[in-house]
Amino acid sequence: RAELMSVTNRLPSFDLFSKTDATVRIQTRTGAILSIVAISIMALLFVHELVTFLAVDVKPQLYVDTSREGKLKINMDITFPALPCIYLSVNVMDKAGNHQLDLHQNIFLTRLDPNGLPVADASLTKEIIGSDQKEVHVDVETDQQKDCGNCYGAETQKNPCCNTCQEVQEAYRRKGWAFFEPETIAQCVKEKYLEHIEEQKNEGCNVKGFVVVGKAAGNFNIVPGKFILQNARYVVDTELYQRGGRIFNGTHVIHHLSFGDDFPGMKNPLDGEEYVWEEPNVSGMFEYFVKVVPTIYEDLLGNTISTNQYSAMKYIHRIPVEEVYARGVPGFFVLFDFSPIIVEYKESEHSFLHFLTNLCAIVGGVFTIFSLVDSFCYT
C-alpha cells in the first residue's frame, strides 16, 4: 500500500498541461480580441475542412485501350435557321464501309419559322431529292389511273413501280441519277411537291436525335441533298437545292453534341457553338474534326458509365456555286476518330482519420500562433 501511495503522489509530475492558479491569471483586452479572431479562424477552417471531407473525390487514371469492338452513340441537337427541312439529309459513314444514309430512325427534323419557332401543325414529310436529266411529258390524269406508276426509266425487276414522288426519287437514287426537275414527274405534280418546297423556302430546321455506329473512324454529316452512288463512289446530289443559284447558308447553332451518355461534371466543348454565315455569293462547307476519348466513370456504389469525351477543331471551306463538287460539298460535317487511350474516373471518399488529423492541426496551429502573438503584444 505504501508503494501504491508513492506512485499516486508522483503521478502529477507527468502532467503536460500544468495549470496556473486563477488568482495569478491576467486577462487583457488584446487577449480577448485575439481569442475572438482565433475562434473565428478555427470555425472558418473547420467548415472548409468539413465541406472537403463530405465532397466526393474523383481520381483519373489513364491506360491503353485494348478493346476491338464497341458501339458509339452520337447525340445531336443542331439548328439551321436558314435551311429548310425538306432538303436536308442526315448520314453516317465510316472507314469500315458501313454507311447509314438519309437516316430517319431516332432522328427528328422540326420545321422552324423565320423567328426560330416551330411551325404550328407542320407535319414534316421528307422527300428524297435529286435531279433527272431527261425530258418527260407529264400526263397526270393517265398516271393517276394506273396501279403501277412510271419510274421514268429507273424501274428494276425488284421495284418495277413508282406510285409516289418519293418512290420515283428513291428509284433515281438507286440508279445513281440526279433529280432536279420534279415538274416533269407526274407523281410529284400530283403531290404538289414544288409547292411544298416553295412553302418552306424561308424556313429553318432543327435536327435532333441520336444514331449508333460501330467503333471505327468516320463522319456524320447533314447536307442539302441525298447521297447517290456514281462511278463506285458516293456523291451528294444538291442540284435541287441549288436551283436558281441558291447558296448553302450554313448558319448553325450546336445546342448539344456528345458521343455517349453524360456523367457528373462532363463538358462537351461544342455545346453552345454558333456560327453565322454572312457571305452571300459562296456556299460553306463546315468541318469539325473530333478526337473521341473513351471514358469510364465509376461512382461510390460501383456503378459504371461507359461513354466518351472529345476535343474538337473547326475548319471552314468557302465554295463558289460554280465550283461545288470540284472543291467540296456544302454541308455540315463532323469527322471523328478514336484516341488509343482510355480515361477512367473513380469516385472515392476522404478518410475520416485524415479529417480528424486536419482538425487537430487547425486547432493546435491556430492556438499556438495566437498564443505567440498575444505573448508578444503583452510583453
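This is a predicted model: local features need pLDDT of at least 70, side-chain atom pairs count only at pLDDT 80 or more; totals for chains, interfaces and linings use all residues.
## Terms and model

Buried here means under 20% relative accessible area and exposed means over 50%, while partly exposed covers what lies in between.

Because its relative accessibility is 29%, Cys-161 counts as partly exposed. Its partner is Cys-148, to which it is joined by a disulfide with an S to S distance of 1.8 Å. This pair links distant parts of the chain, 13 residues apart, with Cys-148 in the loop between helix H3 (140-144) and helix H4 (165-175) and Cys-161 also in the loop between H3 and H4. Cys-148, with a relative accessible area of 35%, is likewise partly exposed. The torsion about the S-S bond of Cys-148 and Cys-161 is about -100 degrees, and the disulfide is therefore left-handed.

A disulfide is also formed by Cys-151 and Cys-162, whose sulfur atoms lie 1.9 Å apart. Both Cys-151 and Cys-162 sit in the loop between H3 and H4, so that this pair ties together parts that are eleven residues apart in sequence. The link of Cys-151 and Cys-162 is right-handed, with 100 degrees about the S-S bond, and both of these cysteines are buried.

## The disulfide of Cys-85 and Cys-205

Cys-85 and Cys-205 form a disulfide in which the sulfur atoms are 2.0 Å apart. This pair connects distant parts of the chain, 120 residues apart: Cys-85 belongs to the loop between strand S2 (71-80) and strand S3 (89-94), whereas Cys-205 belongs to strand S6 (residues 204-214). The link of Cys-85 and Cys-205 is right-handed, with 100 degrees about the S-S bond. Cys-85 counts as buried because its relative accessibility is 0%, and Cys-205, also at 0% relative accessibility, is buried too.

## The disulfides as a set

In total, the structure holds four disulfides. When the bonded cysteines are counted along the chain, the disulfides follow the pattern 1-8, 2-4, 3-5, 6-7. Elsewhere among the cysteines, Cys-360 is exposed, because its relative accessible area is 57%.

## Helix H4 and its buried side

The buried residues of H4 are Cys-165, Val-168, Gln-169, Ala-171 and Tyr-172. They cover an arc of only 155 degrees around the axis, and they therefore lie on the same side of H4. Among the elements that cover the buried residues of H4 are helix H5 (186-190) and helix H6 (193-200). After H4 comes Gly-176, which has a positive phi, near 80 degrees.

## Nonpolar cores

The largest nonpolar core has 56 residues, and the members that touch the most other members are Ile-74, Met-76, Val-207, Leu-257, Phe-259, Phe-332 and Phe-336. Apart from this core lies another, of eight residues, which include Met-93, Ile-319, Val-329 and Phe-333.

Which residues does Phe-332 touch, not counting those up to four places away in sequence? The contacts of Phe-332 on that count are Ile-78, Phe-80, Phe-220, Asn-221, Ile-222, Phe-248, His-252, Ile-254, Phe-286 and Tyr-288.

Methods: Residues are numbered from 1 along each chain as its sequence is written. Side-chain values use heavy atoms; hydrogens and water are left out. A disulfide is a pair of cysteine sulfur atoms within 2.5 Å. Helices (H or I, at least four residues) and strands (E, at least two) are DSSP runs, numbered from the N terminus. Buried means under 20% relative accessible area, exposed over 50%, partly exposed in between (1.4 Å probe, protein chains only). A nonpolar core is a set of buried Ala, Val, Leu, Ile, Met, Phe, Trp, Tyr and Cys residues joined through side-chain atoms within 4.5 Å. Contact means heavy atoms within 4.5 Å. The arc is that of the directions from the helix axis to the C-beta atoms.
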